Amino acid sequence: MSPGPAALLLAAAGTAALLADRLWMVALLTVVLLAVCLHAPAERRGVYLFGALSTGLGVLVLSPFLWSSPDGTILWEGPTIPVLGPLDVTTTELVEAALNGFRLAALGLAFAAYALLLDHDRLVAAAGGARRSALAVALATRLVPSLERDAVGLAESVRGRGVRLEGARGYATLLSPLVAGSLERATSLAEAMEARGFGRPGVTRAPRPPWSVRDRLALPLAALLVVVAALWL
Amino acid sequence: MALVAVDGLSFSYPSAPPALRDVSLGLEPGEIVALLGPSGSGKSTLIRALAGLVPHFHGGRFAGRVVVAGLDTRRARPAELAGTVATVFQDPEDQVIMTVVANEVAFGLENLGVAPREIWPRVERALDSVDALHLWGRKTTELSGGELQRVCLASALALEPRLLLLDEPTSQLDPEAAALFLAAVERLGATVVLSEHRVARALDLATRAVFLDGGRLLLDAPRAEAAEWLSAERPLYTRACVETTQALSGETVLALSGVSFAYREALPVLDAVDLELRRGEIVALEGANGSGKTTLARIAAGLLEAQKGTVELRGSAGYLSQDPGRYLVKETALEEVALAVNRDEQKARVALDGVGLGWAADRHPRDLSSGERERLALAAVAVAEPDLLVLDEPTRGLDPERKAALGSWLQEYAAGGRAVLLATHDRGLPANRRIGLGVDSRHAPLGARVGV
């Protein structure tokens, strides 16, 4: 499938997960998106899946304690904490927490599928008038893998000096150079782009393969998914 | 009429001493000019000024005038000059924009508004001219440094510019790829400014040479005259390859036996490789881009595990990667070097002095130039005096004088009873043995000596 329609479908799935109120529907969308992400190379998908699933799980675990609802059956009665109030857990709170957890996980997985599986160059080319914005988004998307590569490189360079990095604290010392290196690279990249004529009027596009029937079908399908999720689910 | 006129150009980056001082020169159409000078002499700044990036992109104090193809760079933005001017910067990793090689080469053509039907044929020709057509559909993130450098060169050649600015364009290329690229540059017929630390390579191609030092133009002369001046004034710039010296027979530090490695099952990088290094020895691994030099170096240093075979390291190992930017994790150069010796500042200062960076002890490592970063990284690795020192392309960004100093330093280091393993295309460094790696190591077994 061409990256344009595929990106639209992923965006529709993410939007549907936000709009739908039925838990089974949001859970189903999350599972489908997870299955899509599993098509990405194993060595690359780990960090994305961990980010998406751990965030969803965090919401599921924490939100019953941070948001209280008088409805539903009380499953556990906890102490009353100043500012936060009573730490009860009810069935309504659990369902709501699961819904929000799945929503967040679905959004994260939709982004992961976009970052891991789509050809961003063709997306930029397909963006037409919005080429500059599309390129900015594509470059921002590449930030995750390039940060990952830089982190591995920094850790390796420290090991190459015979120094051991131990625990979260050891790795945390690499955060500041990671950010500094990333900013430095962003400046160099901007310079290279300007030197290669980025921002000039009269841009053309290299010819790309035309859309297939599947690509064309993806557009109404994406719209349908959002409408159904908003109105009936 | 001259294509480029530089008149009384002086430039200082913000809060920094002048990088260029009253430089004047003209470039005629079709001229190939070798831009020479030590690290930090202003070569890269002059290239940026010719591309209009100085002052538009960098800011700072600009005096004088640069006119390229009738456009004054103070008024014309770099994007307007693109097409007329094409630039290849030092670090290929920092100038790749797209994710697929063919799209990367097409990027500039699309920006310039080249007719769509012409774009893919021009991309094909450009990649072919640097022997990189086989990389067409590859992801840019999967390429080696040398392969990436070829892609950057193809991206510049595809624009068919009138002025081609090259800042150390062959620093990561194997000799064959470098020769191929320089031939493609010559065929282009454009005016070329070639900043290059491998002086013989630059002078072979150039019709004229200019020499900068401390931001001042010390020489602007035809090739023959420039070669004479260099022989008299800067003899290290004209020195040929360093010959191999007799191998030593000290105690074994590293023994690799039947080592194999593949990043992907279908693409073996190393196959049943044997290698032995002894104390006092300097061994250079040579081979084309993608032949597995870096992989072997990382396995030797214990940073990568061999998938088959045995690796026996007797003692400690230190590894300096191709990218010195990875060694900048502290706030000052002194702290950076002291990291490997339990914050022993005394030892760190000695190591910094050893690479000529004593003056930079309190400077932030990211304020240093690329050649200075390379030396800082070397000090940061070598300060712990590992029994085996593994250096991957250590001459990147080093001028001939610094390279000679590095060569002497390596000899001294090895003479102290330690071993050095170099992965390099550069024959300007001393070695007891030079070992050739094939693109597929099955075809060129390790241990085969390469004639020097």
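Entry 1, burial in chain A. I find that 31% of the 233 residues of chain A count as buried. The burial call is a neighbour count: 20 or more other C-beta atoms within 10 Å of a residue's own means buried, 12 or fewer exposed, and anything in between partly exposed, with C-beta atoms placed from the backbone.

Provenance. I am working on a predicted model, where local features need pLDDT of at least 70 and side-chain atom pairs pLDDT 80 or more, while totals for chains, interfaces and linings use all residues. Residues are numbered from 1 along each chain as its sequence is written, and chains are lettered from A and ligands numbered from 1 in the order in which they are written.

The C-alpha trace of chain A spans about 65 × 55 × 30 Å along its principal axes.

I count nine helices and four strands in chain A, where helices are DSSP runs of H or I with at least four residues and strands are runs of E with at least two, numbered from the N terminus. The order along the sequence is α-α-α-β-β-β-β-α-α-α-α-α-α. Of the contacts in chain A with a separation of 6 or more, 71% join residues 24 or more positions apart; a contact here means C-beta atoms, placed from the backbone, within 7 Å.

I located A:I81 in strand β2 (residues 80-81) of chain A. A:I81 counts as exposed because it has 10 C-beta neighbours inside 10 Å. From A:I81 to A:P5 I get 76 residues in sequence and 49 Å in space, C-alpha to C-alpha.

Helix α1 (residues 3-19) of chain A packs with helix α9 (residues 213-231) of chain A at about 5°, the axes being 8 Å apart. The pair is therefore roughly parallel, the class for angles under 35 degrees, with over 145 roughly antiparallel, 65 to 115 roughly perpendicular and the rest oblique. Axes are lines fitted to C-alpha atoms, for helices over the stretch in contact, and angles run from 0 to 180 degrees between N-to-C directions. I list A:P5, A:L8 and A:L9 among the residues of α1(A) in this contact, and A:L221, A:L225 and A:V226 among those of α9(A). By class the contact has 15 nonpolar, one polar and one charged residues.

Chain B is divided into domain 1 (4-238) and domain 2 (252-437), with bounds from an automatic or database domain assignment. I get 28 Å between their C-alpha centres. Domain 1 of chain B gives 21 residues to the contact and domain 2 of chain B gives 20.

Conventions. Two residues are in contact if their C-beta atoms, placed from the backbone, lie within 7 Å. Ala, Val, Leu, Ile, Met, Phe, Trp, Tyr, Cys and Pro count as nonpolar, Asp, Glu, Lys and Arg as charged, and the others, Gly among them, as polar.
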